[in-house]
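Me: Here is the next one to go through. Take me around its helices, please.

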Amino acid sequence: MSSTTQSMADMLARLAPVMDPHLLLHMLEFYQQKGVDVAAARAALLKKTKLPEAMSEDSSRSLDERFKKALNAANALLVKYFNQTADGDAQCVLKVSEQELSEKKSSTGELSIRTFEGVSAEIVEEEIDGVVMKADALKQIKAKYVSSASHQVTITEGTSASGAPVWRIAIRDARGEIPESNAIGLLEVATLCYETGRYQDANEIFTLLRFIFDGNNSLTDKFHSVLWGLVATTILTKRPASNALRLIRIHVLGDETDETKEDAAPVLGADEASAIHRSFAMHWSLFHYFKGGESLSEGFLDHVFREFGSNPRDRQAPNQRAVELVAPHLLRYIAAACLLNRSKRAALYSTLRLSRMCYEFTDVFLTFVEQLIGQVNFDAAFALLPQLAETIEGDYFLAGLKTHIMDSANKLIFEQYLRTHKTVSIATVAKRLFPELDPESEVAKAKAELWIANLIRESKVVAKIDSVGGKIDVSGNQSTFEKRMFDKLNFAQRAAYH
């Protein structure tokens, strides 16, 4: 096995334990194309699903029975909220939008599971003497006070001061319109759709269920299952997952909903048990931040390094702590996001500090950051670029971003180089960027000059290109404290007028 193939297998082994089998099956297709033997892993994963290719005839019959039972239990909700179609793979399509569902949930009890809360009335029946009369009396009481959709009756037997039997009847009024059995039945339908590969149907149903289960404290575990199902089906149907991941952060991790407020501590802190929950969320979010497009990776950095707490001394970054405790391999993706977002220099230095704490995990991305930022060794950083490119090609989440990452890596090297030098030879730039060309040739110099001009325009480096002298003159990179404060005040003043 080559070193590249071994690297792919090692990363897959680290990712697999925290990924859902259905998500992993999609990832295995990529690794199979790269030459990794995934036959045994795929067979093992299929056994954990109910996909048609994994089901025997007997298992299929049993599954059909479960489907029928769940459909019967959820029939009222299916008829009311879904259009049954035969368009492609989808058969369940919501009749109303998420916005309409949200309005229904907030304004009426239509999307709430029926519960019986409080005691609206309590009645004490007369004392009755005699065993035979007691049994008859209980029948009369049960016939008189019957539970219904609008209220629940609870009958308990007690004794009076004289020791004679009495019955206390407590009547509780209903809150919400959906019977719990209907909601549980619909959750079973969604789960079975997901397990059998009907991700589109499952996504539609999970979308409704997240409104139904929200706010029911006695069914919190099922609500969390709905949210994880919503994330998985959103990923598998290739829809934007930002909203589904936000719901996980709010309801499962307990993070503050308002990104501008920093004073609320998360429900799940930085201990090891909580770190596992956060690890799952960060792993699943890789599909969104790195498979959803280059521009989304910045959000991954914000999520990892976000701090909580009003007191600067007590502020905590629980996701960063989770990486350190249980998922140091996520540092590869944190470093990749830093390269894709060079302007977030604070995140780059935070990544360097975190990688030094996770010294047991090594990766070419971390070595690159260490050499360039930690050691300021430009030759070593340049030497790592071919290995960096190989690693990206063999990574499921990064392969599609190879061009962007490598371009950013080159730019970051030269940006750092410009910040630490007063004069840079254009021929040196050409030699590094275009090794296939003669660095002294006019073609190489022209290409290098254009490339460095674009870099200067993008970065905050103050430099001037001297085409005649074949060099770049760098100046004014060390700003004074007064100048930085003036720039911040000037920005704040301009923001106040806009």
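**Helix packing and a few residues**

Me: H6 and H9 first. Is their crossing left-handed or right-handed?

Reply: H6 passes H9 in a right-handed crossing. A crossing is right-handed if the near helix is turned clockwise from the far one by less than a right angle, and left-handed if anticlockwise. Helices here are DSSP runs of H or I with at least four residues, strands are E runs of at least two, and both are numbered from the N terminus.

Me: What should I know about the model itself?

Reply: It is a predicted model, so local features need pLDDT of at least 70 and side-chain atom pairs pLDDT 80 or more, while totals for chains, interfaces and linings use all residues. Residues are numbered from 1 along each chain as its sequence is written, and side-chain values use heavy atoms, without hydrogens and water.

Me: Back to the pair. At what angle do H6 and H9 pack?

Reply: About 15°, with the axes 10 Å apart. H6 covers residues 98–107 and H9 covers 199–213. Axes are lines fitted to C-alpha atoms, for helices over the stretch in contact, and angles run from 0 to 180 degrees between N-to-C directions. H6 and H9 are therefore roughly parallel. The classes are: under 35 degrees roughly parallel, over 145 roughly antiparallel, 65 to 115 roughly perpendicular, the rest oblique.

Me: Which residues of H6 and H9 meet?

Reply: Glu98, Leu101, Ser102 and Lys105 from H6. From H9, Thr207, Leu208, Arg210, Phe211 and Ile212. Contact means heavy atoms within 4.5 Å. By class, that contact of H6 with H9 has 4 nonpolar, 2 polar and 3 charged residues. Nonpolar is Ala, Val, Leu, Ile, Met, Phe, Trp, Tyr, Cys and Pro; charged is Asp, Glu, Lys and Arg; the others, Gly among them, are polar.

Me: Now H15. How does H15 pack with H16?

Reply: H15 and H16 (residues 345–357) make an angle of about 160°, axes 9 Å apart. That makes H15 roughly antiparallel to H16. Their crossing is left-handed. On the H15 side, Leu331, Ile334, Ala335 and Cys338 make the contact. On the H16 side, the residues are Ala347, Leu348, Thr351, Leu354 and Ser355. The contact of H15 with H16 has 7 nonpolar, 2 polar and no charged residues.

Me: And what is the angle between H15 and H17?

Reply: About 50°, with the axes 8 Å apart. H15 is residues 331–340 and H17 is 364–374. H15 and H17 are therefore oblique to each other. H15 passes H17 in a left-handed crossing. Leu331, Arg332, Ala335, Ala336 and Leu339 of H15 meet Phe365, Leu366, Phe368 and Val369 of H17. The count there is 8 nonpolar, no polar and 1 charged.

Me: Which residues of H16 are buried?

Reply: Ala347, Leu348, Ser350, Thr351, Leu352, Leu354 and Ser355. Buried means under 20% relative accessible area, exposed over 50%, partly exposed in between, with a 1.4 Å probe and protein chains only. What covers the buried residues of H16 includes H13 (297–305), H14 (318–326), H15, H17 and H20 (402–419).

Me: Switching to the backbone. What is phi of Lys238?

Reply: Near 60°, a positive value in a residue other than glycine. Lys238 lies in the loop between H10 (220–236) and H11 (242–252). At 77% relative accessibility, Lys238 counts as exposed.

Me: What about Val376? Where does Val376 sit?

Reply: In the loop between H17 and H18 (378–383). Val376 has a positive phi of about 50° although it is not a glycine. Its relative accessible area is 41%, so Val376 is partly exposed.

Me: Where is Ile155?

Reply: In strand S4, residues 151–159. At 28% relative accessibility, Ile155 counts as partly exposed. Ile155 and Ala170 are 15 residues apart in sequence and 6.6 Å apart in space, C-alpha to C-alpha.

Me: Last one. How many helices and strands are in the chain?

Reply: There are 23 helices and 8 strands. Of the 498 residues, 44% count as buried. Among contacts between residues at least 6 apart in sequence, 62% join residues at least 24 apart.
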